[in-house]
Amino acid sequence: MFDGKPCLVVRWEPRVRSWPEAFDERGLIAALAKAVKPTVEAAGADVSPTDVAEWALREGRALLILDALDQLTNKQSIASLEESLHSGSVQNCPIVLTSRAYAVTDHATLLHDTRGWRFGRIDGFDEDQQKQDLADLPIGSLEALAAHAEIEDLLRIPVVLAMIRELAEDGRLSAF
């Protein structure tokens, strides 16, 4: 299948927090099958997208990246995620779970399994990196942002810089 090459399918939902109400294996298989369907059909394979999704989970061939654990507040979703992480096919898959640091402590029971979680920290952009990221924009420099001192911590976050870039390119920076 796929001429012997690995198949990479990505489901990306920018700026939308869409944690499922029930993060169960059936729902994950359905979402993965939906994501791989065009690729499977284009390859003319003899298997269904559901078969591919089940195989990918069972064999640990799916990398799950779950962003913004700190924004997951629905108790049912948290319980469902915890159950899924500790049982079923998801156990075979590598998982990247992102969060602000406080939520790692808040969700300690979620992370108590034998998966062997490893923790890392990504520091925000320093001022030189911020300037480099925004250098080609019409705003010229960070100092051009009127309230720079008041938003300094926010400018360390890459997604905020992306929003500033979008606003500047559209001539709407004053809205920021």
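The model is a predicted one, where local features need pLDDT of at least 70, side-chain atom pairs count only at pLDDT 80 or more, and totals for chains, interfaces and linings use all residues. Residues are numbered from 1 along each chain as its sequence is written, and side-chain values use heavy atoms, leaving out hydrogens and water.

Let's start with charges. Side chains of opposite charge can pair when their charged atoms come close. I call it a salt bridge when a side-chain nitrogen of Lys or Arg is within 4 Å of a carboxyl oxygen of Asp or Glu. How many salt bridges does this rule give? The count is seven.

One of them joins arginine 100 to aspartate 70, with the closest N and O atoms 2.6 Å apart. Arginine 100 sits in the loop between β2 and α4, and aspartate 70 in the loop between β1 and α3, so the pair ties together parts 30 residues apart in sequence. Helices (H or I, at least four residues) and strands (E, at least two) are DSSP runs, numbered from the N terminus.

Is aspartate 70 buried or exposed? Buried means under 20% relative accessible area, exposed over 50%, and partly exposed in between, using a 1.4 Å probe and protein chains only. Aspartate 70 has 9%, so it counts as buried, while arginine 100, at 45%, is partly exposed.

Next, aspartate 136 and arginine 165 meet in a salt bridge of 3.1 Å, N to O. Aspartate 136 is exposed, at 58% relative accessibility. Together with Glu169, Asp136 and Arg165 are linked in a network of salt bridges.
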